[in-house]
Amino acid sequence: MLVERNREFSTVCVVGLGYIGLPTAATLASAGFEVKGIDVAEHIVEELNEGRAHFSEPDLDMLVRGAVSSGRLTAYTEPQAADAFIITVPTPIRDDKSPDMSYVEAATRAVAPVLQPGNLIILESTSPLGATEDMAGIIRELREDLVDGEELSVSLAYCPERILPGQMVRELVENDRIVGGITPHDARRAGQLYESIVRGEIHMTDAKTAELVKLIENAYRDVNIAFANEVANVAEAHGLNPWEAIGLANRHPRVNILNPGPGVGGHCIAVDPWFLISADPDKAKLMAEARRVNDGRPEAVVAKIKKACREHGTDKVACMGLAFKPDVDDLRESPAVDIAIALAKDGFEVYAVEPHVNALPEKLWRYDNIRLAGLDESLAKVGVVALLVAHKAFVKRASDIKDKHVIDAVGLWGGTR
Ligand SMILES: NC(=O)c1ccc[n+]([C@@H]2O[C@H](COP(=O)([O-])OP(=O)(O)OC[C@H]3O[C@@H](n4cnc5c(N)ncnc54)[C@H](O)[C@@H]3O)[C@@H](O)[C@H]2O)c1
């Protein structure tokens with residue numbers, strides 16, 4: 001068993017059992033650690049103690065069931081004493097786009113009373129620069145007994161998470177990890193813990209660099225998507241097909257432009273760049289502009305759909321796909337949902353075709369003119385079809401929409417001008 005190699009840590013307390021914390025807790029338990037999973041949501045704790053995951057992710061159910069039935073994973077609503085702590089709570093942005101660190105602060109304050117000298121505390125939540133040092137400050141303030149001159153008798157490290165929904169269980173083990181310590185000793189200790197579960201390489205650095213690494217990874221992706229979306233804005237203004245132009249440009253041996261789309265959704269790429277922009281608006285200008293370009297795409301797609309409806313004298317539109325990315329059932333922060341809402345607000349009748357869900361999300365309930373519908377039913381009713389998500393289920397349906405006016409916003413059927 002992997003944990004036998006790890007003499008220093010045998011119990012790990014994972015605080016926050018969401019998309020990141022639950023797979024992490026179950027993976028640690030299946031590697032032999034005694035894991036205490038903590039969540040403030042009682043239903044998550046109850047479900048976990050019954051051996052069930054509270055969201056769906058390939059292979060997670062089996063992993064959780066095995067971990068709980070072995071007795072190595074138990075959930076609680078309050079932090080418990082352990083050798084190591086991993087904090088995986090939300091870090092959203094506020095309305096003014098500044099990071100909301102209240103969950104990390106609350107988790108740190110909750111963990112502080114159970115800390116013992118020699119413990120290791122790792123922050124995995126995506127965080128602004130300096131967050132790990134701020135956690136150390138809270139611990140210093142609450143636990144003077146753990147402070148010895150300048151030194152803390154506990155270790156603190158930052159280790160960002162990069163796993164992809166849909167492949168979380170595999171990537172948790174296979175991805176490389178960046179481990180940044182407040183001190184080099186802290187980094188080495190945190191690296192030692194991850195060595196027990198990770199097959200990828202572990203790269204050591206300081207805590208602030210590790211925080212920056214996570215943020216620039218997602219800002220890099222956002223900026224590159226923004227370039228593709230800007231190409232789309234320019235091409236469409238001239239009546240040209242951006243996917244055709246980008247496909248041809250990518251025949252250049254050193255050019256690799258991404259695909260444009262209807263906007264950037266999800267809670268990572270569209271959020272994390274703000275952690276850098278809000279702290280350094282004068283320096284992170286390209287990132288800020290990229291956010292503006294990507295946030296403007298849903299409106300551009302809505303304008304194209306409305307124009308098509310005007311030309312065809314119809315107010316009935318099929319929106320194909322509502323998820324924030326292909327082949328998932330996650331509709332949160334989805335530009336496709338925003339497009340459906342914008343059309344509904346302007347009085348269009350929207351047939352939402354989303355094969356990955358059985359019901360519309362709450363955000364759409366108030367619109368009588370948006371209904372969840374099958375593709376065949378929708379095609380019988382509408383004149384305009386807007387393809388908003390490149391779900392695999394839509395690939396083979398291109399021939400069914402030949403007689404419709406199609407706005408292909410993702411390029412799955414070759415894109416549109
Ligand atoms: N989901 C992803 O794909 C992903 C990928 C990389 C990084 N991240 C980052 O990881 C962090 C966690 O994201 P997530 O998707 O797992 O969030 P999530 O919302 O799915 O889960 C967070 C959990 O923390 C719990 N929680 C909140 N405050 C708590 C507290 N004080 N004590 C104990 N539990 C508490 C919540 O009830 C929730 O169950 C965020 O910073 C996110 O940006 C997420």
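View 1. Tyr19 is partly exposed, with a relative accessible area of 34%; here buried means under 20%, exposed over 50% and partly exposed in between, using a 1.4 Å probe and protein chains only. This is a predicted model, in which local features need pLDDT of at least 70 and side-chain atom pairs count only at pLDDT 80 or more, while totals for chains, interfaces and linings use all residues. Residues are numbered from 1 along each chain as its sequence is written, and side-chain values use heavy atoms, leaving out hydrogens and water. Searching the whole structure turns up one aromatic pair. The ring centres of Tyr19 and Phe55 are 4.3 Å apart and the planes lie at 35 degrees, so the pair is tilted. (Rings of Phe, Tyr and Trp, the last by its six-membered ring, pair if their centres lie within 6.5 Å; planes under 30 degrees apart are stacked, over 60 edge-to-face, and the rest tilted.) Phe55 counts as buried, at 10% relative accessibility. Tyr19 sits in the loop between β1 (11–15) and α1 (21–30), and Phe55 in the loop between α2 (42–49) and α3 (60–69), so the pair ties together parts 36 residues apart in sequence. Helices (H or I, at least four residues) and strands (E, at least two) are DSSP runs, numbered from the N terminus.

**View 2. Helix α1 and Ala25.** Nine of the ten residues of α1 are buried, which leaves this helix mostly covered; among them are Gly21, Leu22 and Pro23. Have a look at Ala25, which is placed in α1 and is buried, with a relative accessible area of 0%. Beyond its neighbours within four places in sequence, Ala25 is in contact with Val14, Leu17, Val35 and Leu73, where contact means heavy atoms within 4.5 Å. The C-alpha atoms of Ala25 and Lys36 are 7.8 Å from each other, with the two residues eleven apart along the chain. Just after α1 comes Gly32, with a positive phi of about 110 degrees.

**View 3. Where α8 meets α9.** The axes of α8 (residues 207–237) and α9 (residues 242–249) come within 9 Å and cross at roughly 125 degrees. That makes α8 oblique to α9: angles under 35 degrees are roughly parallel, over 145 roughly antiparallel, 65 to 115 roughly perpendicular, and the rest oblique. Axes are lines fitted to C-alpha atoms, for helices over the stretch in contact, with angles from 0 to 180 degrees between N-to-C directions. From α8, Ala228, Val231, Ala232, Ala235 and Glu236 meet Pro242, Trp243 and Ile246 of α9.
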